[in-house]
Amino acid sequence: MAAHAFEMGASFFGEPQSSFLSARRVCELLGVTQAELAKLIGVARNTLTARSGARKVDAALSPVVRILAMASEMAGNENRAAIWFKHQPIPGWAGKTAYDLVGEGKADKVLAYLEAVRSGVYA
């Protein structure tokens, strides 16, 4: 099921005529600047727009897109998922949101939380 969520996310967040994810589309959905997104995913801002950085950006964006795809599947749409990602504290993380945790390099913890919730286990 997680593969399905990623495929859905990759198609929604894909760059037209490219196999890479679109930082621009992620920025638009989250309502953040490219500088804010670059900081969130741990790449230099210039890397987001450089063709030579496409693979690096794709790898760094991939966990965010997986989180947003899974959250949108559960919340009903991408806009609700974006609101959740930025504003809803995740239980057990001292009021931190998915955005906060991703910024700390803990995207895997957010994905594990979403998997647990989807499986019916509430953290």
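# Close-up views of an all-helix predicted model

**View 1. Ala98, a buried residue of helix α7.** Ala98 sits in helix α7. The model shown here is predicted. Ala98 is buried, because its relative accessible area is 0%, and buried means under 20%. Which residues does Ala98 touch, leaving out those up to four places away in sequence? They are Trp84, Phe85, Gln88, Ile90 and Val110. Ala82 lies 16 residues from Ala98 along the chain. The C-alpha atoms of Ala98 and Ala82 are separated by 9.8 Å.

**View 2. The whole chain, for orientation.** The chain has eight helices and zero strands. Read along the sequence, the pattern is α-α-α-α-α-α-α-α. There are 123 residues in the chain, and 39% of them count as buried. The chain exposes about 6,700 Å². Carbon and sulfur atoms supply 52% of that area.

**View 3. The largest nonpolar core.** In soluble globular proteins, nonpolar side chains tend to be buried together. How many residues does the largest nonpolar core have here? The count is 37. Leu37, Ile41, Ile67, Trp84 and Phe85 have the most contacts inside this core. Helices α2, α3, α5, α6, α7 and α8 each supply at least two of the core residues. Helix α5 gives the most, with nine residues.

**View 4. Ile41 and its contacts.** Ile41 is among the core residues with the most contacts inside the core. Which residues does Ile41 touch, not counting those up to four places away in sequence? Ile41 touches Leu48, Ala60, Leu61 and Val64.

**View 5. Helix α2 against helix α5.** Helix α2 covers residues 23–30, and helix α5 covers residues 54–75. Their axes come within 11 Å. They cross at roughly 40°. The crossing of α2 past α5 is left-handed. From α2, the contact uses Ala23, Val26, Leu29 and Leu30. From α5, Val57, Leu61, Val64, Val65 and Leu68 take part. What classes of residue make up the contact of α2 with α5? Nine are nonpolar, none is polar and none is charged.

**View 6. Helix α5 against helix α6.** The axes of α5 and α6 come within 8 Å. The crossing angle is roughly 115°. Here α5 passes α6 in a right-handed crossing. On the α5 side, the contact is made by Val64, Ile67, Leu68, Ala71, Ser72 and Ala75. On the α6 side are Glu78, Arg80, Ala81, Ala82, Trp84 and Phe85. By class, the contact of α5 with α6 has nine nonpolar, one polar and two charged residues.

**View 7. Arg80 on helix α6.** Arg80 lies in helix α6. Is Arg80 buried or exposed? Arg80 counts as exposed because its relative accessible area is 52%, and exposed means over 50%. Arg80 also belongs to the contact of α5 with α6. Leu29 is 51 residues from Arg80 in sequence. In space, the two are 10.0 Å apart, C-alpha to C-alpha.

**View 8. Leu114 on helix α8.** Leu114 is placed in helix α8. Its relative accessibility is 4%, so Leu114 counts as buried. Leu114 touches Ile67, Met70, Ala71, Met74 and Trp84, leaving aside residues up to four places away in sequence. Ile90 is 24 residues from Leu114 along the chain. The C-alpha atoms of Leu114 and Ile90 are separated by 9.8 Å.

**View 9. Ala44, between two helices.** Ala44 is in the loop between α3 (34–41) and α4 (45–49). With a relative accessible area of 44%, Ala44 is partly exposed. Val57 is 13 residues from Ala44 along the chain. Their C-alpha atoms are separated by 9.4 Å.

**View 10. Ala94 and its positive phi.** Ala94 lies in the loop between α6 and α7. Most residues other than glycine have a negative phi. What is the phi of Ala94? It is near 50°, a positive value in a residue other than glycine. Ala94 has 78% relative accessibility, so this residue counts as exposed.

Methods. Residues are numbered from 1 along each chain as its sequence is written. This is a predicted model: local features need pLDDT of at least 70, side-chain atom pairs count only at pLDDT 80 or more; totals for chains, interfaces and linings use all residues. Side-chain values use heavy atoms; hydrogens and water are left out. Helices (H or I, at least four residues) and strands (E, at least two) are DSSP runs, numbered from the N terminus. Buried means under 20% relative accessible area, exposed over 50%, partly exposed in between (1.4 Å probe, protein chains only). Axes are lines fitted to C-alpha atoms, for helices over the stretch in contact, and angles run from 0 to 180 degrees between N-to-C directions. A crossing is left-handed if the near helix is turned anticlockwise from the far one by less than a right angle, and right-handed if clockwise. Contact means heavy atoms within 4.5 Å. Ala, Val, Leu, Ile, Met, Phe, Trp, Tyr, Cys and Pro count as nonpolar, Asp, Glu, Lys and Arg as charged, and the others, Gly among them, as polar. A nonpolar core is a set of buried Ala, Val, Leu, Ile, Met, Phe, Trp, Tyr and Cys residues joined through side-chain atoms within 4.5 Å. Accessible areas come from the Shrake-Rupley method with a 1.4 Å probe; for residues, only the protein chains shown count as cover.
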